[in-house]
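Look over the structure, then read on.

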Amino acid sequence: MLRSIGITELTAIAGKLNVFLGRPAVQLQLALIALTVLLAWLISRSSWQRLETWHRNQAEADGHERAAEATVEGKMGQFVLHYGVEVVHAATFPILTVALLQIVRQMLAWRDLTGGLLDKVSWIVWSFLALQICVTILYALFDWRTIRAYHYRLFIPLLWVVVTLNILDDLTDLRQLSNVVLAEVFNSPVTIGAVFVATVGLYFWTDLIHLFQDLIYQLTVRHTDADPGGTKAALTLMRYILVIVGFVLVLSNLRLGPATLAAVTGGLSVGVGFGLREILSNFISGILLLFEQSLHPGDVIEVDDEVSVVEDVRMRATIVRTLNNDELVIPNQMFFTASFKTYTGSDKTVRVPLLFQ
């Protein structure tokens, strides 16, 4: 049984927001903030374009290649200089924005006008600056392709969510908003906060787990003698456990009653019986592969009379790459229902025959 009951509360909260945004002082501050941010962006962009043009011309005039750059110290110096410039580049726009906001804040104070929103935006800009510096450091320490993916998929969305929640907390009672009941499912109330945790919260939880898995793997492989395949398998298993813990926490936060859980479990059992059986079987097979350690990333195996290298053991399927550089996606349950040959099960030394003509 599904019944919506939160329309009145949401309408009241929306009415308060409309009254707040309708104040002339608030509208003036929002307009000044938009103009200030735009001006800071234009100045920052123009300045760095001119600096890059000057640096390019200076490098061409000096020959750009020096003997010192070929040494280890020279390369380390170039590395530190490059990412030091990147940090300064990332910090220019936020710092300039904060400085201009403070100037505008003083101008409003001189005219006895309120400027509380400008202080709030300054806090947001400082948060953006911290994010930019942290991401730049991660680019310097880890593989840039990995960090780039999480930069736009995790870090920026997470910052926007934190900023949005902070703004809503100032405009309205965030606790009251989170307790608004959207619907009742079998007499169990489902609130906005529970839905937020079950969707946005679970998304960030799983993505953070993926990020830590990738970073720990790169650090372990780069600075220790641990087996890359075994390390990745152990980290993947840890990721599965943490994801399951996240799902359990989400279910507990939803506060579903016994009748609701029974209905959901019954529906899942029917779904597994009709359409999800293969997916569940592949998922369990992937976990068993990691527990048994019979298959690791980096193993050389033979599937369907074709030698391949295991690249990744995922929740549903295993990714392998053939000697012809073809990528194959093999369901995990196949490794339990069909035989396959492994060349690196107990010994990583592999002998491969080569034919010469």
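In this predicted model, glutamate 311 and arginine 321 join their side chains in a salt bridge, at 2.6 Å from N to O. Glutamate 311 sits in strand S5 (residues 306-313) and arginine 321 in strand S6, so the pair ties together parts 10 residues apart in sequence. The structure holds six salt bridges.

**The network around arginine 321**
- Salt bridges link Glu311, Arg321 and Glu327 in a network.
- Glutamate 311 is partly exposed, at 30% relative accessibility.
- Arginine 321 is also partly exposed, at 24%.

**Strand to strand: glutamate 302 and lysine 341**
- Glutamate 302 and lysine 341 form a salt bridge, with 3.9 Å between the closest N and O atoms.
- Glutamate 302 belongs to strand S4 (residues 300-303) and lysine 341 to strand S8 (residues 341-342), so this pair ties together parts 39 residues apart in sequence.
- Glutamate 302 counts as buried at 18% relative accessibility, whereas lysine 341 is partly exposed at 45%.

**Helix to helix: aspartate 119 and arginine 105**
- A salt bridge joins the side chains of aspartate 119 and arginine 105 (3.3 Å, N to O).
- Aspartate 119 is in helix H4 (residues 116-141) and arginine 105 in helix H3 (residues 72-110), so the pair ties together parts 14 residues apart in sequence.
- Aspartate 119 is partly exposed at 37%; arginine 105 is partly exposed at 22%.

**Threonine 318**
- Threonine 318 lies in strand S6 (residues 317-322).
- Threonine 318 is buried, at 0% relative accessible area.
- Its side chain makes a polar contact with the side chain of asparagine 332 (2.7 Å).
- Residues that threonine 318 touches include Leu289, Val310, Ile330 and Phe335.

Key
Residues numbered from 1 in each chain as written. Predicted model: local features only at pLDDT ≥ 70, side-chain atom pairs only at ≥ 80, totals over all residues. Heavy atoms only, no water. Helix = DSSP H or I, 4+ residues; strand = E, 2+ residues; numbered from the N terminus. Buried < 20%, exposed > 50% of the residue type's maximum accessible area, 1.4 Å probe, protein only. Polar contact = N/O pair within 3.5 Å; in protein donor to acceptor, adjacent residues only side chain to side chain. Contact = heavy atoms within 4.5 Å. Salt bridge = Lys/Arg side-chain N within 4 Å of Asp/Glu carboxyl O. Lists of a residue's contacts leave out its neighbours within four places in sequence.
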